[in-house]
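Reader: I am new to this structure. Please show me how to read it, step by step.

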Amino acid sequence: MKLQSILRRLLGVIPTLLITWTVVFGAMRLVPGDPVLLMLQGTPVSDEAMAAARVKLGVDRPIVVQYVGFLANAVRGDFGDSFRSRQPVTSLIAAEFPYTMQLAVGGLLIGVVLGVVLGVVAGVRSGGWIDTLCMTAALAGLSLPSFWIAMLLIQVFATELGWVPVLGTGLNALILPSISLGLFIAGGLARLTRNSIIDVMQQDYIRTAHAKGLPAFLVVAKHAMRNAMIPPLTFLGIQFAVLIGGAVVTETVFARPGIGRLLVQAVLEKDFPVVQGVVALTTAAYVLINVLIDIAYSIIDPRVQS
Amino acid sequence: MSAAPARGPGVLSRMLGSPGALIGCVVLVAILGMAAFAPLLAPYDWNATSQCRRLAAMSPEHWFGCDLFGRDIASRVMGGARYSLAMGVSTVVISLVFGATLGVCIGYAGGRVDRVGARLIDAMLCFPPIILAILIVAVLGVGLWNAALAVGISGIPRFARITRSATLSLASRDFVEAARAIGSSNLRVVLRHLLPSLAPILIVMATLDLGTAVLFTATLSFLGLGAQPPTPEWGAMLNAGREFVRYAPWTMVFPGLALFLTVMAVNLVGDRLSAVLDPRQRVR
């Protein structure tokens, strides 16, 4: 019974992926200009070489055949070769993935710690000046341009104080990017956590916990937090899914390798196979993670029914 | 007619009842004024080079210092308000007009149209927003208005989904049934009855979206995918200042501060507006 509903949800991913990948395929065909000329990037070649390149790219075939070919290859993880480096797109993405993953984890960690603290404090003290202060800070986190805060962090902590390196891929170099990413996540998370805590604090079992003489700290930590964390967890799941696609801005400012930077570079250089591959894979990861979150809920919380 | 229910104290006075929203409104009006009167307010022509020494520091003549080409940064920040706000507003208009129209149409049509439409909207929402915007820029090409268009298009599914579900709950209400019963055309029902009832939701959504839109379009410009030099757009200015942060931090401090204040002000106003107009939200 349960297994069946999990399977049904996983199968539901297929039509969604089909639509998104069709959009990606369609978008890439809307790009003005001849893909072969884009691939050759102005290098003068003979007509025969052009024709050969056309056959190799498959653009000489009817659009329907190209579409089916794209889907068939995409399912096997083959998105063609980069126009620039001539390497398979999939291996380019695989090379960048670990860096993106490190940053995603770092950003989430900072976001969770800051966001939960702000949210819980505001929720428990709702209505007062502490609440207003925490929520203004959270809104500021959501309003800060991440590239600006990143540049400020670099200027202060790397250039002026010299506490951390500006560049590099070591653990030290992960601190500032994680903070600049984490502030935005903390902002959204704090707001959700606050509202969720306020809802939970009005429940009967909280009153019971208070009545039986449990210290206020334990009421919040043991009873309120555990029940209030479901909506914030969804938000975190979605943020994680977004970050898998690369923290485009953070990676660019800190000149870190990663999937986001790969994508921006590919757009600027008109390297369309890379754009197509990154967007298709990112969307797939996003869809899959969302379904997994849904499934995780129905297992963790029996009240959530499919 | 679908008159708005009595709200007690006016929306405006309740809006300004919170200190945060009041500050937000004041800042927003100041920034709008700055954008509107930028040519009169700016002490220098914002595109004129060699107004001062390259990367000159802040001084009484040049409050925010100068950039690499000797342009006055204060003037550029003022001029930039026009571009950044125009990009943000046009983005929201695109998402709102197309998203709301799509949402009302499929929600009101119901049946198979609604099922297919809802499925498509859900699928489009599976693109991480920035990735979808970058994909559209890749197709349209780099540029200020293309970036605004891209962010606008990527917001359409979000508006469509909320409008659709609001339409679904309205479509079965008595006043809509009555309008249909007396023979109103579908267009009339949508324009005269559904849209006025949807207005509060759409206003709240558009306001909440505006902050994100300004931030988002500036982000694309910062990445080099939006406004191009010498346009004094804030994101583009930050991108141009990147190389000299070490020697001339003012090239990035002030455009970024302007951007932050604008987005924060819009968010403060939007937050309060959603609390005042939407009874489901908790008024703080």
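Author: Start with angles between helices. Angles under 35 degrees count as roughly parallel, over 145 as roughly antiparallel, 65 to 115 as roughly perpendicular and the rest as oblique. Axes are lines fitted to C-alpha atoms, for helices over the stretch in contact, and angles run from 0 to 180 degrees between N-to-C directions. This is a predicted model: local features need pLDDT of at least 70, side-chain atom pairs count only at pLDDT 80 or more, and totals for chains, interfaces and linings use all residues. Residues are numbered from 1 along each chain as its sequence is written, while chains are lettered from A and ligands numbered from 1 in the order in which they are written.

Reader: At what angle do α8 and α10 of chain A cross?

Author: Two packed helices are described by the angle between their axes and the distance between the axes. Here, helix α8 (residues 175-201) and helix α10 (residues 216-228) of chain A cross at roughly 125°. Their axes come within 9 Å. α8(A) and α10(A) are therefore oblique to each other.

Reader: Which residues of α8(A) and α10(A) meet?

Author: Two residues are in contact if their C-beta atoms, placed from the backbone, lie within 7 Å. From α8(A) come A:Thr193, A:Ser196, A:Ile197, A:Val200 and A:Met201. They meet A:Ala224, A:Asn227 and A:Ala228 in α10(A). By class, this contact has 5 nonpolar, 3 polar and no charged residues. Ala, Val, Leu, Ile, Met, Phe, Trp, Tyr, Cys and Pro count as nonpolar, Asp, Glu, Lys and Arg as charged, and the others, Gly among them, as polar.

Reader: How many helices and strands does chain B have?

Author: Helices (H or I, at least four residues) and strands (E, at least two) are DSSP runs, numbered from the N terminus. Chain B has 11 helices and 0 strands. Its C-alpha trace spans about 75 × 45 × 30 Å along the principal axes.

Reader: How many residues of chain B are in contact with chain A?

Author: 36 residues of chain B are in contact with 35 residues of chain A. α11(B) gives the largest share of chain B's side, 9 residues. That side has 26 nonpolar, 6 polar and 4 charged residues.

Reader: What is the mean pLDDT of chain B?

Author: pLDDT is the predictor's confidence in each residue, from 0 to 100. The mean for chain B is 86, and 94% of its residues reach 70 or more. Over residues 1-7 of chain B, pLDDT is below 50. Where pLDDT is low, the predicted coordinates should not be read in detail. For the complex, the predictor gives an ipTM of 0.84 and a pTM of 0.86.
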